[in-house]
Amino acid sequence: MSATQQTSRINYICMAAALGGLLFGFDTAVISGAENLLKIQFSLDPTMEGWLVSSGLLGCIIGVFTTGILSDKIGRKKTILIAGIMFFLSGVGCAFAPSFTILIISRMLGGVGVGMASVVSPMYIAEFAPASKRGQMIAYYQLAITVGILLAYFSNAFVVAVSKDHISNGVLNWLFSEQSWRAMFLIMCAPSILFLAALFKLPESPRWLVSVNRNDEARNILNTIRTHDDAGKELNEIVNARNKNESSSLFPISKATRIPLLIGIVLAVLQQFSGINAIIYYGPRIFETAGIPSSNALAFQVIIGAINLVFTMIAIKYADKYGRKSLLKYGLSGIILSLMLCGVLFYTNNTQGYLLLVLIMVYIACFAFSLGPVTWIIINEIFPTNIRVKAVSLCTLALWVAVWMVGQFFPWLLEKAGAAITFWAFAVFSIFNLIFSLTVVKETNGKTLEEMNEVFISPH
Ligand code: BGC
């Protein structure tokens with residue numbers, strides 16, 4: 001294979017796997033448009049409404065656990081395929097759900113897909129990417145999440161627009177007009193099919209193949225994405241690392257993994273405690289609190305979504321050039337400053353005007369080029385192969401529990417303590433994150449996955 005063919009192959013592999021992020025973003029955002037319609041149709045009381053949101057998260061947790069076991073047993077590729085099937089089933093199940101219970105079960109299936117994809121997609125990319133481009137390639141995954149969120153807003157808006165017309169076809173009228181929330185979910189089947197189709201051509205991860213003693217297959221795959229010499233060298237490194245790690249069967253706490261586990265879990269939790277999802281999903285409500293009418297909710301969400309997407313490109317470009325820690329340093333500083341100032345605006349009752357909107361945009365931009373992608377990059381690159389899935393699952397689980405906590409406590413905090421305190425609370429967590437990132441997180445830029453052990457055992 002020529003160098004150009006190898007580059008396009010590796011790009012294809014990483015982008016196809018990153019589509020898991022797109023479905024993750026779509027699935028988590030689609031509910032924002034469907035929620036109100038469902039509330040009316042099923043006369044939901046607060047408990048049932050709670051179920052609607054938490055069923056997805058419960059599914060995520062199940063998905064993360066399952067992946068922790070499955071992905072070592074049956075391989076990365078089959079696990080990603082199962083995640084894709086879950087997304088598809090969830091889209092169909094929600095769209096044609098004959099009852100609220102079936103809808104909840106179908107949402108849960110989608111959640112399982114999100115949970116699985118959030119572990120296995122970035123990990124698969126990390127296992128394929130060359131060390132010099134790993135940051136960029138995992139950042140594709142974050143980019144795909146932002147595209148998925150934006151697509152869901154557009155597709156919801158499209159369905160709302162279509163729902164105003166009467167459609168002559170009975171079934172289509174039922175799906176798109178009479179009960180338009182069904183169409184919002186059904187549309188998710190399109191990216192799911194694309195994802196599944198793209199996955200069939202993916203090879204198995206060479207690192208997993210070596211872990212199950214299928215070294216020849218691993219060599220063949222490496223030969224299609226690296227030069228002959230590099231493939232040989234990389235295979236040797238992977239085999240040596242496996243032989244070294246085999247004896248350390250303790251899960252996953254050992255001298256070499258204590259620090260990476262601490263880093264992965266703390267970064268995952270603090271990513272969420274920066275308030276990102278509160279601002280993305282409750283944005284319109286924050287604006288209402290500020291006296292700006294929520295009738296423009298969609299326009300607001302689209303602006304935020306677009307900024308989120310565009311600024312992720314910075315991480316794609318610079319994560320490998322300037323390193324993960326630099327991005328975290330500048331991004332977190334911007335996040336802290338914008339959150340503090342938002343708090344001040346609310347505290348001094350100066351929320352009318354554009355300053356609040358500008359500060360929120362600055363916040364999103366800073367998140368998009370730092371905390372968003374870098375958290376995923378670091379979680380997926382710091383663990384040795386023999387414990388990678390379990391350790392990544394543990395960190396991702398911590399992230400989802402933190403998503404749940406913010407979802408539970410944010411509306412309560414906003415109501416009881418007010419917006420100023422809420423923003424300042426997110427800022428304080430981000431200050432902890434900045435200190436932690438500067439002092440405990442180690443630079444992993446340019447190191448191969450097999451060199452990570454030394455990064456964390458060495459005292460510097
Ligand atoms: C976070 C998600 C968030 C998304 C926003 C991801 O890195 O894990 O919780 O919704 O970024 O772009």
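These legends describe close-up views of a predicted model. Local features need pLDDT of at least 70 and side-chain atom pairs pLDDT 80 or more, while totals for chains, interfaces and linings use all residues. Residues are numbered from 1 along each chain as its sequence is written, and side-chain values use heavy atoms, with hydrogens and water left out.

**View 1**
Helices are DSSP runs (H or I, at least four residues), numbered from the N terminus.

A polar side-chain atom of Q271 sits 2.9 Å from a ligand oxygen. In the side chain of Q272, an N or O atom is 2.9 Å from an oxygen atom of the ligand. For N308, a side-chain N or O atom also lies 2.9 Å from a ligand oxygen. Taken alone, the ligand exposes 310 Å², and the protein buries 98% of that. Accessible areas come from the Shrake-Rupley method with a 1.4 Å probe; for residues, only the protein chains shown count as cover.

**View 2. The R107–D27 salt bridge.**
The side chains of R107 and D27 form a salt bridge at 3.6 Å, N to O. The term requires a side-chain nitrogen of Lys or Arg within 4 Å of a carboxyl oxygen of Asp or Glu. This pair links distant parts of the chain, 80 residues apart: R107 is in helix 4 (residues 100-128) and D27 in helix 1 (residues 3-41). R107 counts as buried because its relative accessibility is 5%. D27 is buried too, at 2%. Buried means under 20% relative accessible area, exposed over 50%, and partly exposed in between (1.4 Å probe, protein chains only).

**View 3. The R207–E234 salt bridge.**
R207 and E234 meet through their side chains at 3.3 Å, N to O. R207 lies in helix 9 (residues 206-211) and E234 in helix 11 (residues 228-246), so the pair ties together parts 27 residues apart in sequence. Both residues are buried.

The side chains of R214 and E217 form a salt bridge at 2.9 Å, N to O. R214 is partly exposed, with a relative accessible area of 35%. E217 counts as partly exposed at 38%. Elsewhere, salt bridges that share partners join D72, R76, E127 and R388 into one network. The whole structure holds 12 salt bridges.

**View 4. S393 in helix 19.**
S393 is found in helix 19 (residues 385-416). Its relative accessibility is 7%, so S393 counts as buried. The S393 side chain reaches the backbone oxygen of V389 at 2.6 Å. Leaving aside neighbours within four places in sequence, S393 is in contact with V64, T67, G68 and V119. Contact means heavy atoms within 4.5 Å.

**View 5. F176 in helix 6.**
F176 belongs to helix 6 (residues 170-178). At 16% relative accessibility, F176 counts as buried. Apart from neighbours within four places in sequence, F176 contacts F158, V159, V162, S163, I167 and A183. F176 and F24 are 152 residues apart in sequence and 23 Å apart in space, C-alpha to C-alpha.

**View 6. A nonpolar surface patch.**
L337, M340, L341, V344, I431 and I435 make a nonpolar surface patch of about 480 Å². Helix 16 (324-347) and helix 20 (419-439) are the elements that give two or more residues to the patch. Helix 16 gives the most, with 4 residues. V344 is found in helix 16. V344 counts as partly exposed, at 37% relative accessibility. Patches are made of residues with over 30% relative accessible area and no salt bridge: like charges are joined within 9 Å, nonpolar side chains (Val, Leu, Ile, Met, Phe, Trp, Tyr) within 5 Å.

Notes: Polar contact = N/O pair within 3.5 Å; in protein donor to acceptor, adjacent residues only side chain to side chain.
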